[in-house]
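Subject: Structure handover

Dear colleague,

Please find below the structure for your review. My notes on what was found in it follow directly after.

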Amino acid sequence: MTHAVELKNITKRFGSTVANDKVDLYVDSGVIMSLLGENGSGKTTLMNMLAGIYFPDEGQIFVGGKEVSIRSPRDAYENGIGMIHQHFKLIDVFTAAENVALGINEGKYDLKKVAAGVKEISDKYGFGIDPDKKIYEMSVSEKQTVEIIKVLYRGANILILDEPTAVLTPQETEKLFGILKAMKADGKAIILITHKLNEVMAVSDVVAVLRKGQHIKTVRTEETNPQALTEMMVGRAVSLNIDRMEPKDPKPRLTVAGLTCRDSEGVTKLENVGFIAYSGEILGIAGIAGSGQKELLEAIAGLRPISSGSIIYTPEGKIPEELVGKTPMEIKEAGVALAFVPEDRLGMGLVGGMGMTENMMLRTWNKGRGIFVNRKEPEKVAEQVYEFLEVVTPSIDYPVRKLSGGNVQKVLVGREIASSPSVLMSAYAVRGLDINTSYIIYNLMEGQKSKGVAVIFVGEDLDVLLQLADRILVLCDGKVSGIVDARTTTKEEVGLLMTQVGGGKDAN
Amino acid sequence: MNFNLAGLIKAAVLNGTPLLFGTSGEILTEKSGNLNLGVEGLMFMGGAFGLAGAFWYDRAAGAGASGLVAVLIALLCSFLAGCAGSLIFSFLTISLRANQNVTGLALTIFGTGIGQFVGEQMRLKVGGNISISNALKGSFANPVLPKALQDIPFLGQVLFSYNGFVYLGIAMAIVMSVFLNRTRKGLYLKAVGESPSTADAAGINVTRYKYLATVIGGGISAIGGMVYTMTIAGTVWNHTALSGEGWVAVALVIFCLWKPLNALWGSVLFGGLMIMYLRVPISFIPSQIYKVVPYIVTAIVLVIVSLRQRKEDQPPQSLGLPYFREER
């Protein structure tokens, strides 16, 4: 039988690096295939060749049994291939319909007709998208839906989704999977790029594993398990367990009470937030993106003006002190460290054009003698981070912007840990990282915890939070909607708390 | 003080027309995500080449010269000069991905230099102030509408007493607005300026749109320089006459929030502000300070716009950024 799409002997090089090496792969209609691999294993590159973003150096692509040459995104569309990119390709100031109309040259230019078509697709699959709504007014999930509609409107039969769930809540993910299954029933071939093994198991029919640009194996989902997949991905046996210890000798380290913050426009971002972070404990923070996670960490770090409330910090064996009113520098000196990984990774905390040493210096720049900075110390720290965290870089003076995402994050988290803090706050530390690197970071957190550090961990992946954290604080719309015991709670309970304060029952 | 409102409005419109061309051209350019700071140079080139075209035609044709042909030649010469200038800019910034700010400034220096060269060369040739014959001059600067319309009290002065370039400019701005907001190509062009990677993924030829918008936009801007030289400066080449016009046009783009229809009244306002110091002198304000009013107004508008943060009023999102498909 002919396959919906088939890749034969595909090779792509960037300079001297081989991103894809002789890849053979096929997908059939009515099948959901997961494409699995570590960061830098060439998943996205491979799919970008189907989408017309890159052109393969060698090899052939067959669509429906016919050899095709895909030189541009337009060629991809004409062959019925549509890709939903990780970073949405949408124009913020356009409406949904205008975005869909982009690049469609057939017929008369008639936005009303496009809007009607969007409505029709939206109704067919139950998307609930208003064609005349501007993109910047939409939630992340809605934006993603527009991306899917865009592809469907062009009549794509082969859909590629690049890490679609990275930005969704558990409920939204469920909904997306429902949509994927509906499209599968409709006879579409779907390729799903993902890191999350539980999703692979939940939704896909077959799994293709890439490692270092090579296609390792394609297996049927029901004939495999997460452990086996991980080994295929990494190439050796890895432990997927986080050895969560009982917190030992927990003492209140950070006591937050009645914390309220407003942004410059007077919108309340945090409302009456209160909690205690204990030493030797990981406090997970969950919430839909933009529920106040970033604001909370910034408020504690002194980066954000506080309208009311108090933050009492109790260092080991010292008298408690109030952090509100202190400068970020004073708070840092006191031992409260913040490792924030923003969506673009480099936005906050690291300077892309500088090497590791100089980035380490950002923490110690005021320590030098007179007008000169001290380069020796940061260099030592950089060496340590480089060795201990196995950062892949040509040299510690190589600009961090050019490192892969995982390595950038290692540098960021490593620097904060190197300052031996007594409170370590990290947000999205594993954002976009593959499973192996993620576990290195998790184990780093765990290591800090065993040293008696109070770790505050803002995470996106609920499964991980449930495994890693001791307690989970759930934020909803800037309010604490509950603090639950991570050992006994369920994903559903946390998910519910994320969407409504109190989760319909009393929070403890 | 003899204050004449109709006269002031008329002067504002006449002075605003070069700006209208300069600004509209730059709006088209910026909609593609290219920030061409070389408008000043383009307007100089347009002024010099437009004048040169008409001047040499006048000399060649002698007494039989036709006004309409002279106008068309001037239009074409200035437009092509602007296209050539912005083609250099496009090649450097789109194909070679040079920094747009630096390239734009270089184009300003280059364009003013070329303009001066051509203008001064003509002057030396003639030995004195160059100018075209009075018969031809009229076809550039004289009102084009029927006398009956012009004779309507006040309105005739304010609406119907202008040279052809004023109406051409208004028509051009309206056409451009329709193009940007009502056509498929316009939608694509805006998409390219907002997010080239999105446009690219949708199958739109980003490079072609950027080139065409920048080159045509540059040509339109250059027409503004020609209009200034041929109407306000009375077809006489004066090496400082055009100074600053291009920069005001760039400021006006921001003032107009990248909308050609706003440029219609914005250019009249700025044209008025630029000559206010002559027409409505205020004794205690030195004219040098009076002349910077357009820039102050632009700064205030910028502050207001950024405070309001309306998405639709922001510059094209990828303005000034180079696009390279395979960059990660």
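Two strands are taken to pair if DSSP finds at least two bridges between them. By that criterion, strand β4 (residues 58–63) of chain A pairs with strand β5 (residues 66–68) of chain A, which is joined to β4(A) by three bridges and runs antiparallel to it. Please note that the model is a predicted one.

The hairpin of β4(A) and β5(A) has two residues between its strands, and A:G64 adopts a positive phi near 55 degrees there. Across this pair, A:I61 is placed opposite A:V68 in β5(A). Strand β4 of chain A also pairs with strand β1 (residues 5–14) of chain A, in the antiparallel sense and over five bridges. In this second pairing, A:T11 faces A:E58 of β4(A).

Chain A also contains an open sheet of six strands with mixed pairing, ordered β6-β7-β8-β3-β9-β10. The edge positions are held by β6 (81–84) and β10 (214–220) of chain A; each has a single partner strand, so one side of each is left without a neighbour in the sheet. On average, neighbouring strands of this sheet are turned by 20 degrees against each other, direction ignored.

At one end of the order, strand β9 (residues 206–211) of chain A is joined to β10(A) by six bridges, and the two run antiparallel. Within that pair, A:V207 is found opposite A:V219 of β10(A).

Two helices deserve mention alongside the sheet. Helix α5 (residues 140–153) of chain A lies across β6 and β7 (158–162) of chain A, and its direction is at about 170 degrees to β6(A). Helix α6 (residues 170–185) of chain A packs on the sheet as well, where it touches β3 (32–37), β7 and β8 (189–194) of chain A. The direction of α6(A) makes about 150 degrees with that of β8(A).

As to the overall division, chain A comprises domain 1 (5–234), domain 2 (248–335 + 422–433 + 450–508) and domain 3 (345–420). The centres of domain 1 and domain 3 of chain A, taken over C-alpha atoms, are separated by 36 Å.

Finally, the chains meet at an interface where 20 residues of chain B are in contact with 18 residues of chain A. On the chain B side, the elements giving two or more residues are α9 (184–194) and α10 (196–201) of chain B. By class, that side of chain B has seven nonpolar, six polar and seven charged residues.

With kind regards

Conventions. Residues are numbered from 1 along each chain as its sequence is written. Chains are lettered from A and ligands numbered from 1 in the order in which they are written. This is a predicted model: local features need pLDDT of at least 70, side-chain atom pairs count only at pLDDT 80 or more; totals for chains, interfaces and linings use all residues. Two residues are in contact if their C-beta atoms, placed from the backbone, lie within 7 Å. Helices (H or I, at least four residues) and strands (E, at least two) are DSSP runs, numbered from the N terminus. Ala, Val, Leu, Ile, Met, Phe, Trp, Tyr, Cys and Pro count as nonpolar, Asp, Glu, Lys and Arg as charged, and the others, Gly among them, as polar. Domain bounds come from an automatic or database domain assignment. Axes are lines fitted to C-alpha atoms, for helices over the stretch in contact, and angles run from 0 to 180 degrees between N-to-C directions.
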